[in-house]
Amino acid sequence: MDASLQKRFAPLDYGIFSLLLAASLAIGLYHALAGGRQRTTQEFLMADRSMSCLPVSLSLIASFQSAVAIIGVPGEVYAHGTQYWFLGCSYFLGLLIPAHIFIPVLYRLRITSAYQYLELRFSKAVRICGTVTFIFQTVVYMGLCVYTPAFALNAVTGFEIWGAVLAIGLVCMIYTTIGGLKAVIWTDVFQTAVMFAGQLAVIVVGVQKTGGVMEVWRKVWEGNRIAGIDLNPDPTERHTFWTLGAGGVFLMLSLYGSNQSQVQRYLSAKSEREAVRSVYMVFPALQLSLALGCVTGLVMFARYCGEESPPLGSSNRDAVVMYFVMDMLEGLPGLPGLFVACLFSAALSSISSSFNSLATVTMEDLIKPRFPAMTEARATLLCKGLALFYGLLCLAMAFLTHLMGDSVLQVALKIFGMVGGPVLGLFCLGMFFPWANATGALAGLGSALALVCWVGVGSIVTRVSGAKPLPPSCRAANTTFNLQGALWNITVR
């Protein structure tokens, strides 16, 4: 971007951003020194199974509400309308089924890794396949979570991109490694509050500067951004009710039923009842976070439709949401820093959950079975080393993320679909089909991964879905900004 168009932080903004990182580190340090001081694997990986439903539920929200969602959802709604909002229809069944089917089975087994269930039900080979698949999925997704906010911030403010990546990665590695799962959960609680505050600030100021609620509504209605229920059965359509409302149920099941990052939180609850209650508490918060993202996209459209906007070069297409935020909050010291803290809170919460869950499955599924005589002290130290290793791997993946050529939201959904779907199939096969055996499970997993990766990778390579058409007034006024092209979605380049 032309340096003259870049927005700059005030000292107060840097202060708020630094305060976020310092508070996260302080929470990790507190849990490293309190209680049992993370001296056992149960304390480090499972928080001594002592957590109540409120922090567990907020941690579940923070793990799901990544920086990809905070940047991706507004960009998706801006370019394609409110059809994506129908994903909220999937939350009911997508949370109810895990609460009453998956949690009772997994919690009563008193396991640490969700994939231990696969060995108990099928065989050790199935367990290892499930674990390796999860590790691959999570490592790729971690790079996306770290790189996305750093790149958007760099494109709009000139903030050093790899400095931001290192700040996220190093802070997260430190508090995850020294504080264990308790530190991860309690930092998630703090970061969830920051996320909601940052999004609300942008919406309130954006609506005010755009002319009020009625003016925003008029522009998004005339701009063809309010979508009704699309029952088109064509699977190649970007979003329809079937892919979001129905397909979203399976996405939610894969996240909340078989993904270690979420399951580990259920298992850390002090009782099965607390675990179930935490899922019920997640439902309204997820609806709120989805609504905030969609409303931000609508306000962004209303702000720029019909006006000549500053040209963000094609190499900075993923910076649109960040540019809008800085444009709206410019001249209000502290609020830009609050939104950046919101964005980086989402990144921290997602990758800290990933570090801890990756260390858990690596220890429980791949190392402990081979070294059953390992002492508790050595196992705990190794778990901390694994968390640190995955943190470094996350930074390496961030360097590769810019090679992806689709919207960050689409890439994230495709990663979860390509890998999470087949793993969910393994759990469903074990729970609902008592006659299934290990041979069938392995054959099904292998064929499913091959098929969905072929479809998913092909869809990433051959992007065919463009933005919804704009009304003539918007097209005429936005010739330099090219809303049909440059503001089509948030893409990682």
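## Close-up views of a predicted helical model

**View 1. Length of helix 5.** Helix 5 comprises 18 residues (residues 91-108), which at 1.5 Å a residue should span 26 Å, and the 24 Å separating its end C-alpha atoms agrees with this expectation. The model shown in this and the following views is predicted.

**View 2. The bend in helix 5 at F102.** The axis of helix 5 bends by about 40° at F102. A proline, P104, follows the bend within four residues. Both F102 and P104 belong to the buried residues of helix 5. The buried set also includes Y91, G94, L95, P98 and A99, together with I103, L106 and Y107.

**View 3. R110 after the end of helix 5.** Helix 5 is followed by R110, a residue of the loop between helix 5 and helix 6 (116-121). The phi angle of R110 is near 55°, a positive value in a residue other than glycine.

View 4. S261 is located in helix 11 (residues 260-267). Its relative accessibility is 8%, so S261 counts as buried, the criterion being a value under 20%. When neighbours within four places in sequence are left aside, the contacts of S261 are F134, S353, S354 and S357.

**View 5. The largest nonpolar core.** The largest nonpolar core contains 141 residues. Within this core, Y256, F344, I351 and F427 have the most contacts. Helix 8 (residues 161-210) provides the largest share of the core, with 18 residues.

**View 6. The whole protein as context for the close-ups.** The protein contains 18 helices and 0 strands. Of its 493 residues, 59% are buried. Among contacts between residues at least 6 apart in sequence, 87% join residues that are at least 24 apart.

Terms used. Residues numbered from 1 in each chain as written. Predicted model: local features only at pLDDT ≥ 70, side-chain atom pairs only at ≥ 80, totals over all residues. Heavy atoms only, no water. Core = buried A, V, L, I, M, F, W, Y, C linked by side-chain atoms within 4.5 Å. Buried < 20%, exposed > 50% of the residue type's maximum accessible area, 1.4 Å probe, protein only. Helix = DSSP H or I, 4+ residues; strand = E, 2+ residues; numbered from the N terminus. Expected span 1.5 Å × (residues − 1). Bend = angle between axes of the 7 residues up to and from the residue. Contact = heavy atoms within 4.5 Å.
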